[in-house]
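Open the model in your viewer and keep the selection tool ready. We will go stop by stop.

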Amino acid sequence: MSKPSDLIQGTLDLLILKTVALEPMHGWGIAKRIQQVTKDVLQITQGALYPALHRLEQQGWLRAEWRASETGREAKFYTLTRAGRVQLAKELEQWERLSNAVGLVIRTA
Amino acid sequence: MQWGRRWNIARLRLRSLLRRNRVEAELDKELRYHLERQVEENLTAGMAAGDARLAALRMFGGVSQVQEECREMRRTEYLDNLWQDLRYAVRMLGRSPAFTIVVVLTLGLSIGANSAIFSVIDGVLLKPLPYPNADRIARVFYRSKVYAKFPMNPWDFADFRARNHSFESFAMYSRHDAQLSGAGEPVKLSGFRITSGYFRVLGVHPAMGREFDFSEERPGNGRVVILSDGLWRRQFGADTGILGRKVMLDSVPFTVIGVMAPDVDHPGNAYNAVAYGDTVDAWFPFVFEGNPAQRGSHFVEGIGRLRAGVTTLRAAAEFNAIMTELATRYPNDRNWTIYMAPLYDEIVGPVHRLLLVLLGAVGMVLLIACVNAANLLLARSSARQREIAVRAALGAGRGRLVRQMLAESLVLSMLGGGLGALLAVGGVRALIGMLPAGFPRVAGIHVNGMVFAFTAAIAVGTGLVFGLAPALQSSRLDLQQGLRERGGSATGRQARLRSALVVGEVSLACVLLVGAGVMLRSFMNLLNTNPGFQPQHVLTADISLPSKNYGTLEQISSFDRKLLVKMNEVAGVQAAGLGSDVPWTGYDENLGGFTIEGKQESPNNSFRARYHTASPEYFRAAGIPLLRGRFSTDGDTKDSPKVLIINQAMARAYWPNEDALGKRIDFFDDKPKESDWYTIVGIVGDVKDSPESGGVKPAFWWPVSQQAFEIRNQSVILRSTMDAGALASQLRAVVREIDPTLAVGHVRLLDRIASESYATPRISVYLVGLFAALALTLAAIGIYGVVSYSVGQRMHEFGMRMALGASPWDVVRLVMRQGLVLSFAGTVVGLGAALVFARALDSMLYGVRASDPVTLACVAAMAMGTAAAACYAPARRATRADPISALRAE
């Protein structure tokens, strides 16, 4: 199990943006989705998730709105904005470059 | 897309700021939702209800921490910090109330003064004139070598109107007061005769009825009137059926054809002036009468609306071309050119400079207050070095420290601004009371939102200005040294900065003092000039005789005689006179041309002088001295040989080396009959147009019984042995007794008229003097602050000096020298600056120049004296330095 603080700085943003890119989701849903997709490798704590969501919202990458959730109660759903989509592309590209670089080091060293 | 994002961000920030509770509630709800889902999951996993909740909470970590972190993401911590800073600032300021009170008071006074002057400037200069596209309205006058501004001739006007292409519409207007009678007490109306395009020029329309058209300018069609909204409400009870009704004006029926909209301002006029504003009661059509070839009489003023894109310069060029052409046909039109000015300049021109000078003065006061506050803050910050060092040591960054210090100065300036706003409200009321009677656009002066915005802006601005230097200065401290030293001493840099600030304060104060000084000298000069008449205990009033009942000279003379006889019988009347006008009630270019027996007019010396009428007692009543000869008497009647009184200026102008008495003048162009000649029988003293006017123009007075043409607007002038104001009711009663249809208007005391003539220089002296006094006080506080602080620092040194044999007097000299050196430097700089700045005042001064050496010397003495006084207390304190403890410490 890996804590988010172990994640490379900025990776959490990438994960959130990517997850939300599929469909509007609330915080719980985002955490669960990441947990499922990574087969419980990445468990994002609320302490990291919500500040990150709020930061992304404040930066204009995400837009939030209140909607009825699958349980029937109102939840805050986050949607990727167009600016967010651009940002996601940028971060993905960076991530690719970084992981390639790391891969190179690991394989050759 | 970027814009969309920016907009989003801005919206969110604003929301977090303004709807804080809502945002917090949402955060709460969002986190709770997460928690509940976790609880549900735990329950599904088979936990007991209580355990499921506890486990969920445990997993969540500290809810409030998460909340706090989310809050931080909103980026409003900056403002929260500001709030903290402000609260801390208020606490710190509360701990040194003397400092706080001095700074807030000085800032409040200067901000208030600025706001008050700004409200006047806003109302008078900044607010657009209440006419659509007012910048296209221009005033048109004649100009000659002698007269800068002269009324037009009506027939010339007709030619200009027909031929010019510069104006969309061009009109003229001329004062024509009337008497409204028929219901109750007769009322004197302020009226104007206007040509048909007049209201189109102004861009205003009647609320009811119509404007005049061309047909009403023809003789016989002129008995129509347009009422002002005010008159319609006052005298006709806002009767909506008034159109078409006849009203009695000057005992003649006039048909009401229109009622103007409310708030239609009279644009002001120069000849027989009525002040700008809601000052006109009725308008009559201007009827063209007489011989169109006779163009010697000038009494109408032009006003026009320029076509879009046409400048006054271009329009004036076109008019001058027409004028040149007219001059070839009409000899009277020779030697005139056209002077055109935008309406705005005509209205506010006379006060423009005064207001800007006041704004400059008050701006300087604010600058001094800022410098003063900065100075006091610097002194305070050096005393607080330790506290600042501790804060820095505990991890406050420099930016944070600067912000903290700025918060303090902002709190001070806000308090000052609040006080200033209150003072401005009162100050504006006082200012309006002090403004001269004819001051333009006074009705538009209000302390409004614009003024409060200005006040807030200068409050914040001053807070930043006077706070920044001390904040940067004190945050730059050496941490170790700051922590080590107790109380701390000013660094050399800081001491130099503070001294420079004091020098600046003193020099600004000197500039203001010089301004106030020369204005005071100028005012004294005005007061000391002999007005040429004696205004004390004199009552004046206007009476106009309608031409219907007073068509002939006999009828006018008969009324005059009856009135004067009766008034002379009233107890307390020392002299009762009557004439065309009274001194200092307006400058009329009522020039009459004439022929002097045995003299030839030359182009350079045309025979012209101001004409007036006067009854025998007129001069005695006004207190104008007879220099030679005699006044007219009751024996000078229509049928007796005609006599004339002239002033000294006229005697000098036309009979420079001979005796004017006994010389003869004729006012008729064609061959005079023997009975047409007027013989000069008296020479009276000169009376200026107004106290500040340079010379006196030649003038003469026809006896009222022998006036060359009927002058029906007359002024009564009564000299009393007691309170002249008490004569008003008796005058009214006497007039009513002779003719109940006559109104007595403009009842005023002559000394009141005289003192109003001084109102502009008086208000300049008062205000600039007040600002200068404020500036000097601030400078004194500044000097005191610096010297007193340095004495505190040097007590030990003084003790040593005294222990080594210095007398207290030596110490006093040492301290005084510091203050006086600063003040001297400031005085030198200030007087230099004053010589440059004060030149702007020259045109406002009378009999003194802005570089007046007496004033400069007095100002220097005052600045040095104030510095000495400000140093006295610190110097006394220095002498109390204890030599023993100084030695012991060594």
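Predicted model: local features only at pLDDT ≥ 70, side-chain atom pairs only at ≥ 80, totals over all residues.

Residues are numbered from 1 along each chain as its sequence is written, while chains are lettered from A and ligands numbered from 1 in the order in which they are written.

**Stop 1: chain A.** Select chain A. It has four helices and three strands (DSSP runs numbered from the N terminus: helices are H or I, at least four residues; strands are E, at least two). Along the sequence the pattern is α-β-α-α-β-β-α. Of its 109 residues, 35% are buried (20 or more other C-beta atoms, placed from the backbone, within 10 Å of the residue's own).

**Stop 2: where chain A meets chain B.** Show both chains. The contact takes 19 residues from chain A and 20 residues from chain B (C-beta atoms, placed from the backbone, within 7 Å). On the chain A side, α2 (27-37), α3 (46-58), β3 (74-80) and α4 (82-108) each supply at least two residues. α3(A) gives the most, with eight residues.

**Stop 3: two helices of chain B.** Select residues 154-163 of chain B for α7, and 312-329 of chain B for α10. They pack at an angle of about 130 degrees, with axes 11 Å apart (lines fitted to C-alpha atoms over the stretch in contact; angles run from 0 to 180 degrees between N-to-C directions). Now show side chains. α7(B) brings Asp156(B), Asp159(B), Phe160(B) and Arg163(B) to the contact. α10(B) brings Phe319(B), Ile322(B) and Leu326(B).

Notes
Contact = placed C-beta atoms within 7 Å. Buried ≥ 20, exposed ≤ 12 C-beta atoms within 10 Å, placed from the backbone.
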